[in-house]
Amino acid sequence: MTSFIRFKVNYFTRLGQELYVSGSTEPLGNWDESKATKLTYCDNGDWETLIQFPSSNNKVDYKYFVMDTNGEKIWESGSNRTFNLNDLNSNYIHEFRDTYQSPTSAENTYLNSSFFREVLFGRENPTQYSLIKQTQADKVIIHFQVKATYVPPNHSIYIVGSNTQLGNWRTDRAVKLSDENYPVWKVDLEFSKDQLPFSYKYIIADKIKSVVHWEYGNDRWFTASTTHATEYSNTTNEDRDFFFNDGEFKDSQLLRSAGVAVPIFSLRSKQGLGIGEFNDLPQLVDWSHQSGLHMIQILPINDTTVYYTWRDSYPYSSVSVYALHPIYIHIDSITKDPKILAQVNEHREKLNKLTTVDYEAVMNLKSKLLREIYSQEKASLDSNKEFLQFVKDSDDWIRAYALYSVLRDTYKSGDFNEWPVYSKITPEDIEKESKPNSKYYDDIRYYYFVQFHLHNQLLAASKYASAKRIGLKGDLPIGVNRVSVDAWVSPHLFRMNMSTGAPPDAFADDGQNWGFPTYNWEVMKKDGYAWWRSRLGQMSKYFHAFRIDHILGFFRIWEIPTTCVTGLLGKFNPSLPLWRSELQNNGLWDIDRLTQPYIRYHTLRELFGEYADSVATKFLVEYSSNCFNMKPEFATERLIEKNLKEEDAMYKSGLFKLVQNVSLLADPEDENRFYPRIEITKTSNFNELSDDIKAILHRLYISYYYERQEDLWAQIALQRLPLIKGCTKMLVCGEDLGMVPKCVEPVLNDLGILGLRIQRMPSDSNKDFYHPNEYSYLTVNTTSSHDMSTLRGWWEEDRARSQVFYNKILGMFGDAPYFCEPYVSEAVITQHLHSQSMISIFPIQDWLGISSEYGSRDPKEEKINEPSNPMHYWRYRMHINLETLVNDHDFSKNIQRLILSSNRNLDQ
């Protein structure tokens, strides 16, 4: 016996495009695109075809794709469609009416995430789906299904329509769909032929159907004829049953929520040990839950140990993209030894009294205690099945990390280039040194032990948050440390002669040089970006959403030679350069004049004043009267920093400016490529050119930075970001601040990736501030970030700007208060909460600022990072215990009031 299936889908193509269906069985081509079946266009966007299938018990997967005029195959989005041939009665025609799965729809982008489908709207005790087979010729079976993620707990999807089976539009008689395959809802219904045709809609309702939410738009219709279809004359019966894949619930509701941002190290609790720990998260979850918040955002939490000093406090400089930082472990949870617990209690009171984190004291103490605990526990590890399974599951990274850590401890440095052994490593080396007969084996197992407990503590916190309908949002740094495990094991994945950074912006006048090597994307592409897939897969064990630090780097990265200290002499990679021929065609022949530092005696006088002659003697070579070059030992920023004597430190800034005084940057890898130096008009190299040359060069500058790159950067992002988004179910959010290309917002919107909006950092340089009512839905908004002063801190820093903000943005009259009073903080937060942004996340410092009691701390103490200082000590700590916050129900009720008034409450 065979079954006939009529595939029918509605899709409006462009001229010349054609639609195909492909799938997992021979009649559908076994996923071979060249053997896919072409559909026939009928009318009004409908395409269809009839395919015969041999009887079997097989499950069949299938999907549609569009064949473009250039031969490109554009597959529909979403999961594969499925059916089971055993469920089909071969005596009937089975008509599959499908809705094409748009790649930009909500269900196929942001709603297709663990934050929505597991945390906020995960279903408990689902209703079982019951299949009804077509058996009677005088009846018609219709298998309805619709996709709907945004269905509150204790609510369900129902179908109601214009005949008796569908309740004659009475919602109290609506038929409930099964959520067994959530977010797909299904129900099979049998109709007598006198009930056809009919119209219908889906609704969301509670159990007693007292609260009903209708889908928007026109009614859906069943209009098929039930008369014999002559094209099916080779079948024994020409009646049909119907499978209605109705696409998505047509919803005009835009879910909006709120959250809090705080680094783990900043949490303060009575159970802590001078720093926030993973075990503090449940208390933060409790406070967030009772305040009506649904997301907690944290900074990176990976191991950063390189120097064994406070310099390792920088959370964005990870030495492993997998290993968690030992500083976040809660000692009390992994030992019952009274002597060790006595040591914990001895230090707890002292460390918890500190205003800020003492990174070195905490790290040294925990390392000592962990070693003691390991020495007691290591004999039993071989019988600990959970431990052994963790090591096995982590095999692709943990052995390399543990060996790196042991060698780092042995040589007191994370810089593997300085190690006398294994400065270069191979998989065979790692395999050998991880075996029980290795001299490093015991210490390697110590790091397994530490990571095992860190994993358990963070995973438990994540599960606790999810149970409270609160998502954890992690942070994906744009780079990895130049001496990280990743760079040690896989140096081919990185451009080690380059550094990652950012051009000048509100954070840093000289740009930023983060020191991380840039990615070698072409090499990564060869194995399907396996490193990225593995890295993000590890994050997804704990997080339901994540922030891509500097998402602009996935369009293009600001790449700086390792000879530089600042970010001024960088260029965008990839980018379309200024070609030598292009420069010459525009009359720019003297390339050396534009690419070499332009140093004249009057330049020295402007920079160094009375010390100009001394500088010329010490650091420069005069090659013509009043014309100078840098001495070779001071030719770059890095050489200046290395060779400058302590007594000459006062000249450093000026010497940097001399090296930076160029108009064009030569490409070190291609002598015919050049790039305009950022902020070219601030250089005397440019300003002392003739007016006609300046005009030409400025036009090329504008072309490079603002015109010629947009299409290229959009294409690059569309190669990289779908991978980042598609390899896990985490909700993806991007930090798109700084020099933002025009292509960024439409690309992020198409992919369902949320952008970031900070009121004090509008992308439009003609604006002083954003107004929150300008924000689009696919955004996260916030009042501050970890790289900025808090709201209260900013208010006191720039009186003129805060006055403008007070009058124009807040709409308040008169003089602005000198301090950011609680009513001002609340007004700012309220504006943000009432915006269209999907998520409003505010730093814990700004939430505390709406309270006169909690907002009394000096705001200068609440700034987390100073981006212009690469040697900043990350040590901010809350001045309030989590226990105090959890017990302050009045404060939580005040926040809950703001959440309710802005319709961001998801608990009702």
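**Charges, rings, strands and cysteines**

Modeller: R220 counts as buried, at 11% relative accessibility. Keep in mind that this is a predicted model.

Biologist: What does R220 meet in a salt bridge?

Modeller: The side chain of E215, at 2.9 Å from N to O. E215 is buried as well, with a relative accessible area of 2%.

Biologist: How many salt bridges does the structure hold?

Modeller: 48. One of them joins R547 and D549, where the closest N and O atoms are 3.7 Å apart. Both R547 and D549 are buried.

Biologist: Which residues do salt bridges that share partners join into one network?

Modeller: D303, R371, R408, D409 and D443.

Biologist: And E33, what does that form a salt bridge with?

Modeller: With K73, and the closest N and O atoms are 4.0 Å apart. This pair links distant parts of the chain: E33 is in the loop between β2 and β3, while K73 is in strand β7, 40 residues apart.

Biologist: Is E33 buried or partly exposed?

Modeller: Partly exposed, with a relative accessible area of 30%. K73 is also partly exposed, at 31%.

Biologist: Switching to aromatics. How many aromatic pairs does the count come to?

Modeller: 83. Among them is W31 with W75, a tilted pair at 6.0 Å centre to centre with 50° between the planes.

Biologist: Which parts does the pair of W31 and W75 tie together?

Modeller: W31 lies in the loop between β2 (18-23) and β3 (37-38), and W75 lies in strand β7 (residues 73-75), so the pair ties together parts that are 44 residues apart in sequence. W31 is partly exposed at 32% relative accessibility, and W75 is partly exposed at 27%.

Biologist: Why is the pair of F572 and W713 edge-to-face?

Modeller: Because their planes are at 75°, and planes over 60 degrees apart count as edge-to-face. The ring centres of F572 and W713 are 5.2 Å apart. F572 sits in strand β28 (residues 571-573) and W713 in helix α20 (residues 710-726), 141 residues apart. F572 is buried, with a relative accessible area of 2%, and W713 is buried at 1%.

Biologist: Which residues form one aromatic cluster?

Modeller: F144, F191, F198, Y200, Y202, F222, F242 and F244.

Biologist: Where does the charged end of K186 sit?

Modeller: Over the ring of Y129, 5.1 Å from its centre. The charged end of K571 sits over the ring of Y675, 5.1 Å from that ring's centre.

Biologist: Now the sheet of 8 strands. What is its order?

Modeller: β4-β5-β1-β9-β18-β10-β14-β13, in an open sheet with mixed pairing. The edge strands are β4 (40-41) and β13 (178-181), each pairing on one side only.

Biologist: In which sense do β4 and β5 pair, parallel or antiparallel?

Modeller: Antiparallel, over 2 bridges, with β5 covering residues 46-54. T40 stands opposite E48 in β5.

Biologist: Last topic. How many disulfides does the structure hold?

Modeller: 0. For C733, the nearest cysteine sulfur is that of C727, 15 Å away. C733 is buried, with a relative accessible area of 2%.

Terms used
Residues numbered from 1 in each chain as written. Predicted model: local features only at pLDDT ≥ 70, side-chain atom pairs only at ≥ 80, totals over all residues. Heavy atoms only, no water. Disulfide = S-S within 2.5 Å. Buried < 20%, exposed > 50% of the residue type's maximum accessible area, 1.4 Å probe, protein only. Pairing = 2+ DSSP bridges. Helix = DSSP H or I, 4+ residues; strand = E, 2+ residues; numbered from the N terminus. Phe/Tyr/Trp six-rings, centres within 6.5 Å; stacked < 30°, edge-to-face > 60°. Lys NZ or Arg CZ within 6 Å of the ring centre and 35° of its normal.
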